[in-house]
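Please look over the sequence and the structure before reading on.

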Amino acid sequence: MSRAEPVDVNAFTVPGAGRGILDVVKYRYLLRLLIRKGILTRYHGSVLGWVWSYVKPAAQFAVFYVVMGLFLNLTKGIESYPIYLFSGIVVINLFNEAFGNATRSIVSNKALVKKIYLPRELFPIADVFIALVHFLPQLSILLVVCLFVGWVPTPLGLVGALLAVFIVAVLATGLGLLFGSINVAYRDAQNVVELILLFATWTSPVLYSWTMVRDQAPAWLFDLYMANPLTSAVELFHTAFWFPTTSEAAERPESLWLFTLIGLVIAVLCLVAGQLVFRRLEGRFAQDL
């Protein structure tokens with residue numbers, strides 16, 4: 001009887017022994033499938049379909065404009081307030097959708113997680129990309145309105161807008177990995193995320209001007225406020241889309257690019273921390289689900 005040849009175990013991939021986010025590139029075909037599935041099923045069975053991508057931000061803008069702009073008179077304190085308001089809303093909506101969906105991504109795909117092995121980071125990252133796709137209709141509305149009122153883009157402003165989207169995507173991915181992994185065992189994580197999303201709108205200059213914080217808050221608190229990645233992202237969008245539509249007499253934040261760099265570093269640190277926690281907890285995903 002012949003002796004069996006030894007098996008080369010290096011030819012196999014051990015579940016859970018991958019390279020984390022780096023494996024998403026290797027499995028990019030699956031990533032595209034997940035993104036396509038998420039986009040196609042978003043409004044499945046809906047009569048209006050993609051029209052909701054325009055209706056929802058329009059309704060949100062209308063409510064905020066009436067309350068903040070008319071009732072609280074911010075239309076008199078901020079020039080071109082409708083564009084100021086909407087350019088901030090689209091940034092926060094991108095963060096809220098990407099972060100919220102990424103947090104629920106593992107639980108929402110528990111059938112796949114329990115049956116087959118694939119990099120689990122695919123699920124939250126796919127939801128971030130889906131949020132970016134749904135962000136495009138809102139951005140198109142903003143562009144049309146800006147062009148209608150005579151907006152002339154600047155290269156630096158457009159670079160800033162792209163950087164803002166990148167910061168928001170990285171931050172949402174990092175936080176999504178962190179809370180998404182915790183949410184598998186402790187559903188309380190979703191409630192914590194809902195609180196974060198509630199505060200996100202009010203702790204960045206979306207509905208009001210950053211000068212209000214500067215004039216009322218202590219210097220250290222204002223610096224902390226400006227170091228918030230969402231604050232720099234919103235102000236970069238204001239610089240790109242709102243400011244060119246004004247008389248350009250409005251104050252702009254000093255050291256905005258410095259605070260943008262700080263916000264980018266914080267977003268990257270969140271991504272690293274989220275990946276580390278995700279890798280530590282993913283071995284129990286199938287069991288906890």
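How many aromatic pairs does the rule for ring pairs give? The rule takes the rings of Phe, Tyr and Trp (for Trp its six-membered ring) and pairs them if their centres lie within 6.5 Å, with planes under 30 degrees apart counted as stacked, over 60 as edge-to-face and the rest as tilted. By this rule the count comes to nine aromatic pairs. One of them joins Trp242 and Phe243, whose rings are tilted, with 6.1 Å from centre to centre and 55° between the planes.

Before going further, please keep in mind that this is a predicted model, in which local features need pLDDT of at least 70 and side-chain atom pairs count only at pLDDT 80 or more, while totals for chains, interfaces and linings use all residues. Residues are numbered from 1 along each chain as its sequence is written, and side-chain values use heavy atoms, with hydrogens and water left out.

Tyr81, Tyr84, Trp242 and Phe243 form one aromatic cluster. Trp242 is buried, with a relative accessible area of 4%, and Phe243 is buried as well, with a value of 16%; here buried means under 20% relative accessible area, exposed means over 50%, and partly exposed lies in between, computed with a 1.4 Å probe and protein chains only.

What kind of secondary structure does the protein chain have? It has 14 helices and zero strands, where helices (H or I, at least four residues) and strands (E, at least two) are DSSP runs, numbered from the N terminus. Buried residues make up 46% of the 289 residues in the protein chain. Among the contacts with a separation of 6 or more, 81% are between residues 24 or more positions apart, a contact being heavy atoms within 4.5 Å.

The interior can be described through its nonpolar cores, each of which is a set of buried Ala, Val, Leu, Ile, Met, Phe, Trp, Tyr and Cys residues joined through side-chain atoms within 4.5 Å. The largest nonpolar core has 60 residues, and those that touch the most other members are Tyr81, Phe95, Phe99, Leu142, Leu207, Phe237 and Phe241. Helix H5, residues 81-108, gives the largest share of this core, with 13 residues. Apart from this core lies another, of 16 residues, which include Val24, Leu34, Leu118 and Leu177. Phe237 touches, among others, Ser87, Val90, Phe135, Leu142 and Trp242, not counting residues up to four places away in sequence.

Ser232 lies in helix H12 and is buried, with a relative accessible area of 0%. Leaving aside its neighbours within four places in sequence, Ser232 is in contact with Ile167, Phe259, Thr260 and Gly263.

Charged side chains can now be considered. Side chains of opposite charge can pair when their charged atoms come close. A salt bridge is a side-chain nitrogen of Lys or Arg within 4 Å of a carboxyl oxygen of Asp or Glu, and a search of the whole structure finds four of them. Arg214 forms a salt bridge with Asp215, with 3.1 Å between the closest N and O atoms; Arg214 is partly exposed, with a relative accessible area of 30%, whereas Asp215 is exposed, at 52%. Glu251 also forms a salt bridge with Arg214, the closest N and O atoms being 2.7 Å apart. Glu251 lies in the loop between helix H12 (229-242) and helix H13 (256-281), and Arg214 lies in helix H10 (residues 210-216), so the pair ties together parts that are 37 residues apart in sequence.

Another salt bridge joins the side chains of Glu282 and Arg279 at 2.7 Å, N to O, where Glu282 is buried, with a relative accessible area of 5%, and Arg279 is partly exposed, at 27%. Salt bridges that share partners join Arg214, Asp215 and Glu251 into one network.
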